[in-house]
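Hi everyone, thanks for coming.

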Amino acid sequence: MLSVKEVIVVEGRYDKNTLSQVVDAVILETEGFGIFHDAQKQKLLRTMAERRGLIILTDPDGAGFVIRNHIKSCVPKEFLKQAYVPDIYGKEKRKARPSREGKLGVEGMRAEVLLEALRRAGATFDEAGTSSRGERVTKADLYRLGLSGGEGSALKRAELIRAMDLPEHISATALLDVINALMNREAFFNFFSHLGEPTQSVQSEEGPAVSH
């Protein structure tokens, strides 16, 4: 599997699932039009674009171009690359009927079509794959470090997010993607070891603000 240096932005989780079977890359979702009113996600896209470069890969229908243009208005153009899939008419297997325009979205594209779209966009491929960048941080690593699934994990995660200058509401899953986009496992453990003990209260995952 080819590795792509840039962060790739798609519309939804089915697009992400399809693309993740084709390339090894950090893939972020706009959640459809959700990005229009999500200042935190817009900040995340700008941050990732400045650090790794950003490839926009939305559906070829009108809605996809509206989302694409909105991202272009949020992220400096020098950090952006545009990947376009062709107009292919049909229906994705999971859907009962075709989309309004009858075109396949990113999730319905064949692997070779997606790879060609990325190549034409100027994606930076690394045929050596992830091994050349070192080991990845895993969900198990986050758990062992107390960043997920345990008492006080939300507080520790908030401290890490602040230290990395990331949006405060980023999910644990998205945080893992971002960490792996910016550093390998060894570098992350070194970075984390230099963080101080959490001192501020944050909103817990279950409800009111807590501190430990």
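**A walk through the model**

Let's start at Asp-165, which you'll find in the loop between H6 and H7. A quick word on those labels: helices (H or I, at least four residues) and strands (E, at least two) are DSSP runs, numbered from the N terminus.

Before going on, some ground rules. This is a predicted model, where local features need pLDDT of at least 70 and side-chain atom pairs count only at pLDDT 80 or more, while totals for chains, interfaces and linings use all residues. Residues are numbered from 1 along each chain as its sequence is written, and side-chain values use heavy atoms, with hydrogens and water left out.

Okay, back to Asp-165. What is its phi? It's near 55°, a positive value in a residue other than glycine. Most residues other than glycine have a negative phi. Asp-165 counts as partly exposed, at 45% relative accessibility. The scale here goes like this: buried is under 20% relative accessible area, exposed is over 50%, and partly exposed is in between, using a 1.4 Å probe and protein chains only.

Asp-165 also has a partner. Lys-43 forms a salt bridge with Asp-165, and their closest N and O atoms are 3.8 Å apart. That pair links distant parts of the chain, 122 residues apart: Lys-43 is in helix H2 (residues 39–52), and Asp-165 is in that loop between helix H6 (153–163) and helix H7 (172–182). Lys-43 is partly exposed too, at 32% relative accessibility. By salt bridge I mean a side-chain nitrogen of Lys or Arg within 4 Å of a carboxyl oxygen of Asp or Glu.

There's another residue with a positive phi to show you. Glu-31 is not a glycine either, and its phi is near 55°. Look for Glu-31 in the loop between strand E4 (27–29) and H2. Is Glu-31 buried or exposed? Exposed, with a relative accessible area of 54%.

How many salt bridges does a search of the whole structure find? It turns up 13. One of them joins Arg-136 and Asp-24, with the closest N and O atoms 2.4 Å apart. Here again distant parts of the chain are linked, 112 residues apart: Arg-136 is in the loop between strand E7 (125–126) and helix H5 (139–144), while Asp-24 is in strand E3 (residues 23–24). Arg-136 is partly exposed at 30% relative accessible area, whereas Asp-24 is buried at 14%.

Next, Glu-92 forms a salt bridge with Lys-95, and the closest N and O atoms are 3.4 Å apart. Glu-92 is buried, with a relative accessible area of 4%, and Lys-95 is partly exposed at 26%. Then there's a network: Asp-87, Glu-101 and Lys-103 are joined by salt bridges that share partners.

Stay with Lys-103 for a moment. You'll see Lys-103 in the loop between strand E6 (80–82) and H4, and it's buried, with a relative accessible area of 14%. Which residues does Lys-103 touch, not counting those up to four places away in sequence? They are Pro-60, Asp-87, Ile-88, Tyr-89 and Gly-90, where contact means heavy atoms within 4.5 Å.

**Helix H4**

**Rings**

Last topic: aromatics. The search of the whole structure finds four aromatic pairs. One is Phe-33 with Phe-36: the ring centres are 5.5 Å apart and the planes are at 70°, so the pair is edge-to-face. For the cut-offs, rings of Phe, Tyr and Trp (its six-membered ring) pair if their centres lie within 6.5 Å, and planes under 30 degrees apart count as stacked, over 60 as edge-to-face and the rest as tilted. Phe-33 is partly exposed at 45% relative accessibility, and so is Phe-36, at 29%.

Phe-188 is buried, with a relative accessible area of 0%, and Phe-189 is partly exposed at 30%. Together with Phe-192, Phe-188 and Phe-189 form one aromatic cluster.

Finally, the charged end of Arg-68 sits over the ring of Phe-65, 5.6 Å from its centre. The rule there is that NZ of Lys or CZ of Arg is within 6 Å of the ring centre and within 35 degrees of the ring normal. Arg-119 lies over the face of Phe-125, also at 5.6 Å from the ring centre.
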